[in-house]
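Hi,

Here's the structure I promised to send over. Have a look at it first, then read on for what turned up.

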Amino acid sequence: MQSNNTALDMLAERTLDGDNAAYNQLLGQIGPTLQKYFVRQFRLPSATADDLAQDTLLALHTKFHTFKRGNAFAPWLYAIAKYRALDYLRATKRRTAATEVPLDDT
């Protein structure tokens, strides 16, 4: 795992330097990993995990400039993924609660 994180760290730093090939390689490596993370950690269906992985990659793309050179990439990535999953779960809970009809005991 350490060697993979080091490789991701190097790809992230090369991406910060403007290396598009490194960016594409980085995205290609983390996409499937994110899908597995959402399935295992949050017990989400595969289709939902795929949607969240894509959402996380989009967030990564828009926020990549906030990644600090020299920091570990994986914790930063998983923080984004975690909050995407929690946002999804909160929204799902709200939708479910809004559609529930209270039963009258009378």
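Which residues form one aromatic cluster? They are Tyr23, Phe64, Phe67, Phe73 and Trp76. Before going further, keep in mind that this is a predicted model.

Let's stay with the rings for a bit. A search through the whole structure turns up eleven aromatic pairs. To describe a pair of aromatic rings, you give the distance of the centres and the angle of the planes. Take Phe38 and Phe42: their ring centres are 6.3 Å apart and the planes sit at 35°, so this pair counts as tilted. Both residues belong to helix α2 (residues 20-42), where they are four residues apart, about one turn of the helix. Phe38 is buried, at a relative accessible area of 0%. Phe42 counts as buried too, because its relative accessibility is 19% and the cut-off for buried is under 20%.

Now compare Phe67 and Phe73, both members of the cluster above. Their ring centres are 5.6 Å apart with the planes at 80°, so this pair is edge-to-face. Phe67 has a relative accessibility of 4%, so it counts as buried, and Phe73 is buried with a relative accessible area of 0%.

Next, the helices. Helix α3 (residues 46-63) and helix α4 (residues 73-99) have axes that come within 9 Å of each other and cross at roughly 125°. That angle makes α3 oblique to α4, and the crossing is right-handed. If you want to find the contact on screen, look on the α3 side for Thr48, Leu52, Asp55, Thr56, Ala59, Leu60 and Lys63. On the α4 side, the residues they meet are Phe73, Trp76, Leu77, Ile80, Ala81, Arg84, Ala85 and Tyr88. Sorted by class, this contact has ten nonpolar, two polar and three charged residues.

Is Ala53 buried or exposed? It is buried, with a relative accessible area of 1%. Leaving out residues up to four places away in sequence, Ala53 touches Gly31, Leu34, Gln35 and Phe38. That last one is the Phe38 that pairs with Phe42 in the tilted pair. As for Asp87, it is 34 residues from Ala53 in sequence and 13 Å from it in space, C-alpha to C-alpha.

Technical notes:
Residues numbered from 1 in each chain as written. Predicted model: local features only at pLDDT ≥ 70, side-chain atom pairs only at ≥ 80, totals over all residues. Heavy atoms only, no water. Axes fitted to C-alpha atoms, helices over the stretch in contact; angles between N-to-C directions. Helix = DSSP H or I, 4+ residues; strand = E, 2+ residues; numbered from the N terminus. Parallel < 35°, antiparallel > 145°, perpendicular 65-115°, else oblique. Left-handed = near helix turned anticlockwise from the far one by under 90°. Contact = heavy atoms within 4.5 Å. Nonpolar A, V, L, I, M, F, W, Y, C, P; charged D, E, K, R; others polar. Phe/Tyr/Trp six-rings, centres within 6.5 Å; stacked < 30°, edge-to-face > 60°. Buried < 20%, exposed > 50% of the residue type's maximum accessible area, 1.4 Å probe, protein only.
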